[in-house]
Every structure is written in structure tokens, then in C-alpha cells.
Amino acid sequence: DGPPGDPLLDGLNPPQREAVLTTEGPVLMLAGAGTGKTAALTRRLAHLVRARLAWPSEILCVTFTNRAAREMRERVGHLIGPAVEGMPWLGTFHAIAAKMLRRHAELVGLQANYTIIDTDDQLRLLKQLIVAEGLDEKRWPARQLAGCIDRWKNRGLLPDQLDAGENEAYANGKGRAFYQLYQDRLKTLNACDFGDLLLHMLTILRGHPEVLAQYQQRFKYVMVDEYQDTNQVQYFWLRLLAQSRKNICVVGDDDQSIYSWRGAEVANILRFEKDFPGARVIRLEQNYRSTPQILAAASGLIDANTQRLGKTLWTDRHAGDRVRVIGVWDGPEEARRVGDDIERLEREGAALNQVAILVRAQYQTREFEDRFISIGLNYRIVGGFRFYERAEIRDALAYLRLIAQPADDLAFERIYNAPKRGLGAKALEKLHLLARRRGIPLAAAALEIVDTDELPARARNTFLAFMRDVARWRDLAKTQNPADLIRTVMDESGYTEALQAERTAEASGRLENLSELARAMEEYESLGDFLEHVSLVMDNEAAADEEKVTIMTMHAAKGLEFDHVFLPGWEEGVFPSQRALDEGGLASLEEERRLAYVAITRARRRCTILHAANRRIYGQWTSSIPSRFIAELPGDHVDNETTLSGGASLWRAQWTEHADPFAEVARAQPARTVTRGPGWQRAAAREFDTAPRRIAETTRSAASFAAKPRTDIEIG
Ligand code: ATP
Ligand code: MG
């Protein structure tokens with residue numbers, strides 16, 4: 001055992017010490033959120049070096065994000081000093097595999113200086129292949145193929161290892177052929193995609209025993225954080241590397257497995273003990289992160305899952321506030337409420353860096369961004385673009401800019417072929433020449449070129465049709481409000497249709513973002529007003545080191561912690577997501593619930609959950625039902641609050657602000673189908689019978705938004 005009084009063990013509880021000191025043989029640290037798993041892993045790493053059990057370069061340590069790797073490197077640095085600089089094998093799966101692959105690239109037909117292509121390049125490549133094979137890309141979108149290939153790679157499958165069923169997944173049995181073509185093409189380009197990094201390394205380790213032996217020899221110790229989210233190929237790769245010495249320590253929490261959509265398999269935890277017989281299983285039960293209330297709320301919620309190992313969590317931290325559940329009228333009020341709360345926290349001395357807003361879907365960030373900009377609250381969006389910087393939003397804005405300003409060449413370049421009109425770089429080049437020669441904008445040149453023989457007739461006609469569309473939209477802009485205008489433009493340009501044809505989760509996310517954009521535009525009278533607002537928003541990037549509120553998805557927040565956490569949009573169809581509800585299976589719902597558990601357990605001191613009674617979706621008011629997860633929170637640890645009970649004056653103010661929203665609601669089609677289960681009924685029952693009485697009252701009188709769910713379900 002370690003020397004007594006070793007500062008490395010200072011403050012650690014007994015099971016944590018055990019995890020640090022059990023250096024030989026397989027170790028599985030299985031414990032709930034905030035129990036100091038990552039902390040123990042960090043100390044273990046430092047201990048291995050300090051006790052001279054291994055050189056820093058002989059330890060393989062995998063973290064889930066680059067940010068987590070950076071943090072671990074920093075902390076270990078505090079413990080062991082400059083030795084930490086000799087740690088090449090501390091990083092994410094991707095980073096480590098890429099480094100290895102550089103050394104052995106030739107074994108899979110690449111050169112050491114291979115390039116790693118991003119998703120955009122990947123799609124472009126696949127499109128070329130699909131078209132070259134004479135397939136209709138509309139019918140068999142490249143995105144779908146990319147999704148299949150990613151899935152196969154995540155499972156460690158090479159083209160010749162696909163079984164018939166998998167092969168059928170794309171273009172009636174052409175999946176394998178395209179996968180092979182794509183891999184060949186990448187090889188000619190001396191390139192690989194992200195999925196290849198691990199897959200190639202796996203191929204190399206499996207096919208070249210001498211290389212495998214070399215790494216098995218080198219890595220005296222292997223450690224993995226967030227093990228519950230490893231996928232098959234990562235798992236195979238780890239197992240190979242650790243197989244000879246068996247000094248592997250993995251750390252995870254089955255309740256926090258939230259990446260099955262990316263191929264992660266929580267089963268990897270369960271079979272660890274089988275693959276590494278005699279593994280020491282260490283359970284940590286003391287949570288150091290959160291108040292008892294937050295912990296109880298999260299534990300109570302995750303209890304509703306049937307597929308879990310189950311574990312005990314306790315804390316000796318002082319009691320804090322209960323988890324707050326706040327019902328608000330609509331999205332804008334939700335953003336206002338969160339903004340106000342954060343400003344109050346700031347006045348009370350809270351650091352903005354310690355405040356986070358965690359959303360289920362990217363499009364939810366827009367309302368907060370707009371609000372924070374208008375009240376001057378600094379924020380940063382982590383893991384994802386800020387709303388107005390996303391590709392589809394930029395495209396839509398480019399349409400609007402070209403309509404407002406015919407000389408906007410950048411806008412023209414962005415959209416002349418988005419969606420695909422069959423105009424290539426060649427056509428644009430010709431246009432540029434003409435524009436320069438005549439000293440006119442590209443849009444004007446696109447009209448003039450029609451009367452020349454510079455381009456094939458088809459291209460000229462396409463330009464003409466496009467410019468006619470733009471002219472028509474420009475006319476419309478004089479009479480139509482901006483929100484209707486953008487909807488018209490996106491529809492008539494074929495942009496919406498192209499996205500719909502893709503039929504992927506990503507495309508539907510983009511469509512959601514576009515309708516969110518239209519919604520944002522409803523507040524503006526003229527196109528000019530709106531574009532001005534956007535340019536201010538885009539200019540808002542504050543200095544890098546300033547204190548800021550963090551806005552990010554729940555997925556991206558894994559492993560992190562904040563004093564104050566806000567969780568907006570807890571409504572059926574937002575969270576749990578519509579996708580999870582449509583799929584309907586227990587598994588997808590349980591994954592959403594694990595996500596809720598991850599989200600709540602990010603909070604150290606205070607956790608605030610919000611849900612709105614109304615969301616404007618596709619321009620129509622839709623009544624929302626509070627998330628079933630709210631009903632599943634143990635009542636003793638939750639404070640319910642609703643601004644809808646703020647008295648008649650507030651209520652009336654809401655009414656006038658929205659100029660009779662009920663009339664619209666009554667007309668609105670219920671845009672969402674809700675899966676009915678016991679949880680959902682409980683959610684509804686709770687919402688209407690106990691907490692916000694005001695909703696129920698008003699419901700009766702207005703016979704409107706909340707009445708819908710009331711009549712649709714049979715409670716009890
Ligand atoms: P997650 O499941 O969310 O990744 P985790 O189990 O990795 O959580 P850590 O992030 O390592 O938990 O620790 C949570 C918090 O508890 C951190 O602020 C950490 O510094 C603190 N902590 C960990 N161990 C101890 C300890 N023995 N004494 C006091 N504080 C601790
Ligand atoms: Mg952790």
C-alpha cells in the first residue's frame with residue numbers, strides 16, 4: 001500500500017484510495033455521478049508516475065473530450081510537475097488513434113501524412129460516388145449513406161464483414177459496394193475520416209502481431225474515463241491493447257450512458273468482468289458534487305428506469321435549495337425568466353462561469369441568445385455553432401440579404417447553388433469574369449449572361465429562373481412580413497424540400513432550426529430591421545477570457561459541473577424528444593431519462609427546470625405538456641412554481657401581448673403525437689391536479705390550450 005500521509009491520497013475516501021492503489025490487474029470503477037470517479041482516475045495516473053510504476057509515456061489514458069484531456073493533464077501536472085509533459089497517450093480515442101496511425105499508415109495503404117477529412121468533405125465525396133454510379137442522389141441521399149458507413153465503422157465492420165441485412169440498409173443492397181468504393185477513394189486521396197482512425201488501427205493491430213506486441217509492451221497501464229459510452233470498435237481496440245498485461249482500469253456509470261445513437265454500448269461495462277476475469281469492482285457511493293436535494297431529485301428520477309444496475313448514492317453536504325420547477329407561459333418568457341435569475345445570481349456574487357443552461361436540442365439556444373444579447377449578458381455556446389452561424393441559417397440569411405441588397409456578392413455566392421441547381425464552380429467563374437469586366441454585381445451579371453453564349457443554355461436558363469425568383473421575392477418583401485417571407489423563400493427555392501428528402505436526424509434538425517429562424521423573425525416589422533438585428537447578434541463575440549454563461553447541449557455537458565444549472569424546455573416532444581417518443585421503445589425513452597439524470601447531476605448548488613405552456617412551432621401556437629420527467633421527480637425535493645398563477649393582471653398582460661393566442665391555438669393542429677404511458681398520465685395528472693392551479697382554472701374558462709390534453713387523456 002501507499003506510504004501513509006501520501007499527499008496523493010489526501011482527502012480521498014477508502015474506495016477512491018483503493019482505486020488509486022490497485023494498480024495491477026483489471027479494475028472496474030462503477031459509480032454514480034459526482035462520486036469522484038474522474039478525480040480518482042487523475043490521482044491514479046499521478047500515482048503510477050510518482051511511484052515509478054511506469055514512465056508517463058507508458059500510460060494510455062482515454063478521456064471523452066479534448067477538454068477533459070486538457071483538464072486531466074493540468075491536474076496531473078499539479079501533482080507530478082513537468083513529468084506530465086511526457087504523456088503523449090493522454091487524450092480522446094480519436095486523438096490517440098490518429099497519432100498511432102501516423103506511425104503505421106502504410107500498413108493500411110496510407111502515407112504518414114494522411115489527411116483527416118471532416119463531415120462536409122465526406123458528404124461531398126459520397127455524393128460524387130453516388131452520382132458516378134448513376135444513382136439518384138435525391139432518392140438515396142449521401143447523408144444516409146454516411147450514416148450507415150459511420151455505424152459500420154463504429155461497430156468495427158469492414159466492407160467484406162457486412163452481413164446481408166446491413167448491406168440492404170442503403171440503396172437496396174448497394175451499401176457494401178459504396179462502402180468499398182468510398183474506402184478505395186479515400187486511399188487514393190491519402191485520407192481517412194474520423195471513423196477510420198480507430199478502424200484502421202484495429203485492422204493493423206489484428207493483422208500485425210508484431211505491432212500489437214509492441215503496443216502491448218509499451219502500455220503498462222490503460223485507463224478509460226466515461227467507459228459507458230465506448231462503442232464496439234473502441235472496445236475491441238482497448239481489449240487488444242490491454243490483453244497481455246491486463247492492467248486496465250475503466251471508469252463509468254451505466255446511468256450516464258447517453259451515446260447509444262452514436263454506437264455506444266453500455267453492455268461493454270457489463271462484459272468487462274467476463275473479458276477480464278477477476279476484475280476488481282470498486283463502487284463509490286459518496287457524492288461530493290451536489291446538494292442532497294439535487295442528488296435526491298436525480299436519483300428519484302433515474303429510479304424509473306428498468307434497465308440499470310442500480311446503485312446507492314449519498315452525500316454529507318449541507319442541505320440546499322430544492323430543485324425548482326418553473327412553469328412559464330411561453331418560450332420568450334422562459335428566456336426572460338432565466339435571464340432575470342442569472343442577473344440576480346450575478347448581483348449576489350455568483351461567477352457567470354459557474355452558470356450553465358443545458359438544452360436538449362440545438363435550436364433551443366436561439367431564444368436565450370436573443371434575450372442575453374438584449375440584456376447584455378455574456379454567454380458562450382459550447383460544442384456547436386451559435387444559432388446564427390449554422391450553415392442552414394447562414395444560407396437562409398444569404399437569401400434574405402440578396403433580396404434586400406442585390407449587390408451582396410457574398411450572399412449570392414453562398415446560395416446560387418444551394419439547394420443544388422446544377423450550377424458549378426465553372427459557371428460562377430464565368431459570372432465573376434463578366435461581373436468584373438462590366439463592373440456590376442454577380443446578381444446583375446447572372447442576368448446579363450443570359451444574353452451571351454458564355455455558358456451552356458441550361459446553365460443560363462437556370463440563372464435566369466433563379467434571378468426571376470429573387471425578383472419576385474423582392475416584391476413580396478414589400479408587402480409580406482419577414483417571417484412569412486422566409487418561409488416562402490425556403491419553400492419556393494426548393495431548400496426545404498432538399499432537406500426533407502435527406503430523411504436524416506441531422507436534416508430534421510436543420511429544418512427545426514429554419515422554423516426557429518422564422519419564429520424569431522415574427523417579432524420584426526421589416527426585413528431591414530431583422531437583418532440589422534442579426535448583424536448585431538453576429539458581432540457579439542465577447543473577449544475570450546471574460547466571464548460568461550455557458551449554453552450547451554446536455555450531451556456536451558457530460559463530466560462537467562457548475563454551481564447553477566438551468567434546464568429549459570422540459571416538455572413532451574422537446575424533452576423527451578419527439579424522436580424518442582416516435583420510436584416509442586422503452587430503450588429510447590430510458591436513454592432520454594439517463595440524459596435527464598446527467599443534466600441534473602451537473603449542478604452543484606442549484607438546479608432549475610423550466611417548462612412552457614405554449615411553444616410556437618411552425619408559426620402556430622401549440623400547447624405543451626410538461627415532460628413526464630417532471631412528474632417523476634420526487635416531490636419532497638422539488639419546489640413547483642408557475643408564473644401563470646401570478647394573478648389576473650399578469651394573466652391579462654399575457655393575453656394582450658399575444659393578441660388572442662387562444663384563437664390560434666384552437667385552430668392549430670396538434671403538431672405532436674404523444675405516446676401515452678403511465679408516466680405521461682402522471683405528468684398530466686400532476687400538472688393539472690396539484691401544482692399550477694391557475695392553468696386548470698383558466699383552462700376551464702378559455703376552453704383552449706390546456707383543455708386539449710385534458711380531454712385527450714383518461715387520467716387515472
Ligand atoms: P461524473 O459522473 O459526472 O463524471 P465523477 O464521478 O467523475 O462525476 P468528479 O468530477 O471526479 O466526479 O468529482 C465531482 C466533484 O467532487 C469534483 O468537484 C471533485 O473535485 C469532488 N471530489 C471528488 N472526490 C472528492 C473527495 N474525496 N473529497 C472531496 N471532494 C471530492
Ligand atoms: Mg467524471
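Predicted model: local features only at pLDDT ≥ 70, side-chain atom pairs only at ≥ 80, totals over all residues.
Local features need pLDDT of at least 70, side-chain atom pairs count only at pLDDT 80 or more, and totals for chains, interfaces and linings use all residues. Residues are numbered from 1 along each chain as its sequence is written, while chains are lettered from A and ligands numbered from 1 in the order in which they are written.

Start with the sheet. Six strands form an open sheet in the order β3-β2-β6-β7-β1-β8, with parallel pairing. Strands are DSSP runs of E of at least two residues, and helices are runs of H or I of at least four, both numbered from the N terminus. Strands pair if DSSP finds at least two bridges between them. β3 (90–92) and β8 (280–284) are the edge strands, each pairing on one side only. Inside the sheet, β6 (residues 221–224) and β7 (residues 248–252) run parallel, joined by three bridges. Val222 has Ile248 in β7 as its bridge partner.

Now the helices. The axes of α6 (residues 142–154) and α9 (residues 194–207) come within 9 Å and cross at roughly 30°. Axes are lines fitted to C-alpha atoms, for helices over the stretch in contact, and angles run from 0 to 180 degrees between N-to-C directions. The two helices, α6 and α9, are therefore roughly parallel, a term for angles under 35 degrees.

Last, ligand 1. Of the 17 residues around ligand 1 (C-beta atom, placed from the backbone, within 6 Å), Gly36, Lys37, Thr38, Ala39 and Tyr288 come nearest. Helix α2 (residues 37–50) gives the most to this shell, with three residues.

Conventions: Parallel < 35°, antiparallel > 145°, perpendicular 65-115°, else oblique.
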